[in-house]
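Trainee: I'm new to this one and would like to learn how to read it. Could you take me through it feature by feature?

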Amino acid sequence: MRIAIAIAILIVTGCVTKPPAEQGDWIGKYGNACLPEAIAMAQGLREKQIFAKVLRISTDEWNHAVCVYLYPPGQNKLWVWDSHWMSMRVRAWTDDPASIAKAWLKITHPWLDYKSAEFYD
């Protein structure tokens, strides 16, 4: 119940938003497709000259890939995108995958224990 309330608050306050790039019609339609989805989103953002990277996050229970990007350009506001949560602003060091993963997990999956994270180039 607490998670549903937290999600509702995030949506109402505008912390969850659509990314500044188009999503393909196939995004979110297939199970276990987080890596190709994150790659497609990163490519779409880069085409708009927005700094973006793919981040792999591991916990003791699962692995997940997300797209990390800075928007608007030049303002160093860090966002994490995946097809379920859409874009969510996080506060973390932009060059530290562990910092980003922990910040995103704290908001989206606080019951999971962080294990590791790395950028895909």
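This is a predicted model: local features need pLDDT of at least 70, side-chain atom pairs count only at pLDDT 80 or more; totals for chains, interfaces and linings use all residues.

Trainee: Which residue does the side chain of Glu 118 meet in a salt bridge?

Mentor: The general idea first. Side chains of opposite charge can pair when their charged atoms come close. The rule here asks for a side-chain nitrogen of Lys or Arg within 4 Å of a carboxyl oxygen of Asp or Glu. Glu 118 pairs in this way with Arg 56, at 3.1 Å from N to O. Glu 118 sits in strand E6 (residues 114-120) and Arg 56 in strand E2 (residues 52-59), so the pair ties together parts that are 62 residues apart in sequence. By this rule the count comes to 1 salt bridge.

Trainee: Is Arg 56 buried or exposed?

Mentor: Arg 56 counts as buried because its relative accessible area is 17%. For its surroundings, look at contacts, meaning heavy atoms within 4.5 Å. Leaving aside neighbours within four places in sequence, Arg 56 touches Asn 63, His 64, Ala 65, Ser 116, Ala 117, Glu 118 and Tyr 120.

Trainee: How many of the residues of E2 are buried?

Mentor: In E2, 7 of the 8 residues are buried, so this strand is largely enclosed by the rest of the structure.

Trainee: Which way do E2 and E6 run, and how many bridges join them?

Mentor: Two strands pair if DSSP finds at least two bridges between them. E2 and E6 run antiparallel and are joined by 6 bridges. With 3 residues between them, E2 and E3 form a hairpin.

Trainee: What do E4 and E5 form?

Mentor: They make a hairpin too, with 3 residues between them. Strand E4 (residues 78-82) and strand E5 (residues 86-89) run antiparallel, joined by 4 bridges. Asp 82 stands opposite Met 86 in E5.

Trainee: How many residues does the largest nonpolar core have?

Mentor: In soluble globular proteins, nonpolar side chains tend to be buried together. A nonpolar core here is a set of buried Ala, Val, Leu, Ile, Met, Phe, Trp, Tyr and Cys residues joined through side-chain atoms within 4.5 Å. The largest has 17 residues, and those with the most contacts inside it are Leu 55, Ile 57, Val 66, Val 68, Val 80, Ile 100 and Trp 104. E2, strand E3 (63-70), E4, helix H3 (97-108) and E6 each supply at least two residues of this core. The largest share, 5 residues, comes from H3. A second, separate core of 14 residues includes Met 41, Ala 65, Tyr 69 and Trp 81.

Trainee: What is Val 80 in contact with, leaving aside its neighbours within four places in sequence?

Mentor: Its partners include Val 66, Val 68, Met 86, Met 88, Ile 100 and Trp 104.

Trainee: Where is Lys 115, and is it buried or exposed?

Mentor: Lys 115 is in strand E6, and at 56% relative accessibility it counts as exposed. Setting aside neighbours within four places in sequence, Lys 115 is in contact with Ser 58, Thr 59 and Asp 60.

Note on methods
Residues are numbered from 1 along each chain as its sequence is written. Side-chain values use heavy atoms; hydrogens and water are left out. Buried means under 20% relative accessible area, exposed over 50%, partly exposed in between (1.4 Å probe, protein chains only).
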